[in-house]
Amino acid sequence: MSININVIDENGEERSAEWHEDQTLLEALLANQFPVLATCGGNASCATCHAYIDPEHFASLGERTEAEEDLLDMVDDISNEYSRLSCQTEFTEGMDGATVTLKPGM
Ligand code: FES
C-alpha cells in the first residue's frame, strides 16, 4: 500500500509524493526525486535528512529514537517540536495527506 504526502522543497515549491509502506520517509523522498543529501546514508548521524512534519499529522508517527533525539538536539537552532530525521521515520497510514517541509538549503 502507499499514501500521498505533500512535500515543500528547499525552494518553497510544493508537490505531491507517493510513499510506499516498505519505505522510510527518506527513501520515499529520494524515490520522488527530492534532492535530500542524506550524507550518512540513513544512519541517524548527519541530520541532512531533517524534515518538518505538519502538526496535524506529527502525532501519527512513532516516537523518535534516542539517536534521533540526540541529533536533533545538536541542530536545535533549526529543529523544532515537529522535526524528524526522515531516515528514521517509518511509514504509517496516518501520514496520508500530510505536508512535509524539507529543511531550507538542504
Ligand atoms: S541520512 Fe543522515 S541522519 Fe538521516
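**Exercises: salt bridges and burial**

Two salt bridges are counted here, a salt bridge being a side-chain nitrogen of Lys or Arg within 4 Å of a carboxyl oxygen of Asp or Glu. This is a predicted model, in which local features need pLDDT of at least 70 and side-chain atom pairs count only at pLDDT 80 or more, while totals for chains, interfaces and linings use all residues. Residues are numbered from 1 along each chain as its sequence is written, and side-chain values use heavy atoms, leaving out hydrogens and water.

**Exercise 1.** Find the partner of R84 and say which parts the pair ties together.

*Solution.* 
- Step 1: R84 pairs with E68 in a salt bridge, with 2.7 Å between the closest N and O atoms.
- Step 2: R84 sits in strand β4 and E68 in helix α3, so the pair ties together parts that are 16 residues apart in sequence. Helices (H or I, at least four residues) and strands (E, at least two) are DSSP runs, numbered from the N terminus.
- Step 3: Now the burial. R84 is buried at 3% relative accessible area, and E68 is buried at 0%. Buried means under 20%, exposed over 50%, and partly exposed in between (1.4 Å probe, protein chains only).

**Exercise 2.** Take the salt bridge of R64 and classify its partner by accessibility.

*Solution.* 
- Step 1: The R64 side chain meets that of E69, at 3.5 Å from N to O.
- Step 2: E69 has a relative accessible area of 32%, so this residue is partly exposed.
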